[in-house]
Number of protein chains: 2
Amino acid sequence: MSVQKIDVMTDLTEANERLAQINKSRLDSHGIFAVNIMGTPGSGKTSLLELTLDDLKDRYKIAVIEGDLATSLDAERLKKHGSEVLQINTQGMCHLDANLINKALDRFDLSKLEIIFIENIGNLVCPAFFDLGVHRNVVIVSAPEGDDKPIKYPVMFRETDLFIINKTDLLPYLEVDVGRMKRDAKVINPKIGILELSCKTGDGVQDWLGWVEESMAQAEPRSN
Amino acid sequence: MSVQKIDVMTDLTEANERLAQINKSRLDSHGIFAVNIMGTPGSGKTSLLELTLDDLKDRYKIAVIEGDLATSLDAERLKKHGSEVLQINTQGMCHLDANLINKALDRFDLSKLEIIFIENIGNLVCPAFFDLGVHRNVVIVSAPEGDDKPIKYPVMFRETDLFIINKTDLLPYLEVDVGRMKRDAKVINPKIGILELSCKTGDGVQDWLGWVEESMAQAEPRSN
């Protein structure tokens with residue numbers, strides 16, 4: 001008789017994948033467009049969300065799910081920008097997963113929302129392994145982190161829809177080859193979109209807002 | 001009868017802790033001083049090691065264990081600086097652990113070494129949970145990542161001996177309160193040492209080199 005085995009890691013990923021599909025159906029049934037924003041600590045995830053909420057909040061009903069290890073500092077920042085914000089503290093866990101998002105969705109009145117932004121834990125590695133069931137995945141890297149980030153953290157770039165290069169205002173003071181970052185990202189994932197912007201000066205932020213609205217139209221979640 | 005349980009996470013950490021103690025004894029028995037360098041992607045871990053090897057290589061016999069997800073780009077950079085470099089590719093795993101270091105030590109002639117620097121995976125979360133059995137743990141954050149990093153990633157700062165703030169040359173172009181970073185780090189860990197430096201201009205790098213030699217003297221691993 002052959003021995004049957006259950007692989008624990010595969011099981012973990014499978015469980016996450018099932019819950020991600022449930023999240024996706026749930027969002028779609030309410031016509032909600034959801035975006036997962038990942039990136040290194042300090043790459044500008046919260047700053048970009050602040051600008052995004054300021055611009056879109058009068059046209060769309062938006063909520064933010066804010067993932068952090070311990071504090072609610074980013075949630076407090078975002079609450080000042082007129083949208084509903086839900087804080088998830090992972091107690092040290094290095095990524096958000098589909099189950100956490102599932103529980104977060106329970107806390108909203110989904111019939112009253114059109115967009116949900118998720119700010120993942122600041123980490124260029126682990127969040128890439130956990131599908132949350134959203135419509136788009138975004139990774140932000142800031143220019144001062146150096147031009148070798150895509151090639152050194154390929155998993156994150158492989159399944160991501162958009163790569164944002166932030167803090168371009170600092171480029172004059174850096175030895176960073178933006179062309180290399182873009183080329184490497186395209187080699188890893190030929191379908192990845194790329195935007196350069198500066199949350200500080202606002203340069204390029206309109207392109208990001210345009211991308212959000214275009215992606216929303218393409219995703220066409222069913223209206224409720 | 002009561003049910004006995006084995007906690008998988010506790011078991012994992014315990015296994016790591018035992019192997020870390022074995023690493024420590026092994027290093028001490030050869031009189032080798034070992035430093036684990038952690039930090040975000042792009043914080044300057046490799047750049048600092050390049051400067052460190054250039055300065056110390058004529059006085060000490062040094063090896064570097066270079067942790068990366070996938071590439072050997074950093075190892076190639078470091079090899080140009082005259083020390084032995086061993087690459088560990090974690091195949092996507094988000095941290096180094098004591099077992100990987102144990103296997104890495106097998107690959108060196110330990111009787112011929114005095115210092116081992118370990119460059120961990122670029123990640124401000126997971127490496128903090130895995131003791132490698134070294135004498136000192138260092139975390140590098142670069143100024144452009146923002147002044148909220150210690151408070152938002154407290155686990156990393158809690159058990160670390162030295163906090164390096166890199167890329168201070170960019171401070172004139174940033175809205176970053178270095179005083180806040182330092183205060184927060186000291187609240188989380190009153191014993192943490194703090195150094196500010198710029199790998200680009202070289203400012204403060206001598207303080208780091210001084211710290212390495214002082215720590216080496218304090219650690220006093222038994223000579224073989």
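Trainee: Are Asp74(A) and Lys152(B) buried or exposed?
Mentor: This is a predicted model, in which local features need pLDDT of at least 70, side-chain atom pairs count only at pLDDT 80 or more, and totals for chains, interfaces and linings use all residues. Residues are numbered from 1 along each chain as its sequence is written, chains are lettered from A and ligands numbered from 1 in the order in which they are written, and side-chain values use heavy atoms, with hydrogens and water left out. On the scale used here, buried is under 20% relative accessible area, exposed is over 50%, and partly exposed lies in between, with a 1.4 Å probe and protein chains only. By that scale, both Asp74(A) and Lys152(B) are buried.

Trainee: How far apart are the N and O atoms of the salt bridge between Asp74(A) and Lys152(B)?
Mentor: A salt bridge requires a side-chain nitrogen of Lys or Arg within 4 Å of a carboxyl oxygen of Asp or Glu. The side chains of Asp74(A) and Lys152(B) meet in such a bridge, and the distance from N to O is 2.5 Å.

Trainee: Which residues are linked with Lys152(B) in a network of salt bridges?
Mentor: Lys152(B) also meets the side chain of Asp68(A) in a salt bridge, at 3.9 Å from N to O. The network that holds Lys152(B) links it with Glu50(A), Asp68(A), Asp74(A) and Arg77(A).

Trainee: How many salt bridges does the rule find across the interface of chain B and chain A?
Mentor: A search of the whole structure finds 28 salt bridges over all chains. Across the interface of chain B and chain A, the rule finds four.

Trainee: Which residues of chain B lose the most area to chain A?
Mentor: Contact is taken as heavy atoms within 4.5 Å, and 34 residues of chain B are in contact with 34 residues of chain A. Buried area is the accessible area (1.4 Å probe) that two parts lose on being put together, summed over both; between chain B and chain A this area is about 2700 Å², of which carbon and sulfur atoms give 64%. Together giving 22% of what the side of chain B buries, the residues that lose the most area are Pro41(B), Lys152(B) and Tyr173(B).

Trainee: Which residue of chain B has the C-alpha nearest the axis?
Mentor: Copies are superposed by least squares on the C-alpha atoms of residues with pLDDT of at least 70 in both, and chain B can be laid on chain A with an RMSD of 0.0 Å by a turn of 180° and a shift of 0.0 Å along the axis. The two copies are therefore related as by a two-fold rotation axis. In chain B, the C-alpha nearest that axis, 3.0 Å from it, is that of Asn123(B).

Trainee: Within chain B, how many residues apart are Arg26(B) and Asp106(B)?
Mentor: Arg26(B) forms a salt bridge with Asp106(B), the closest N and O atoms being 2.5 Å apart. The pair links distant parts of the chain, with Arg26(B) in helix H1 (residues 8–29) and Asp106(B) in helix H4 (residues 98–106), and the separation is 80 residues.

Note on methods: Helices (H or I, at least four residues) and strands (E, at least two) are DSSP runs, numbered from the N terminus.
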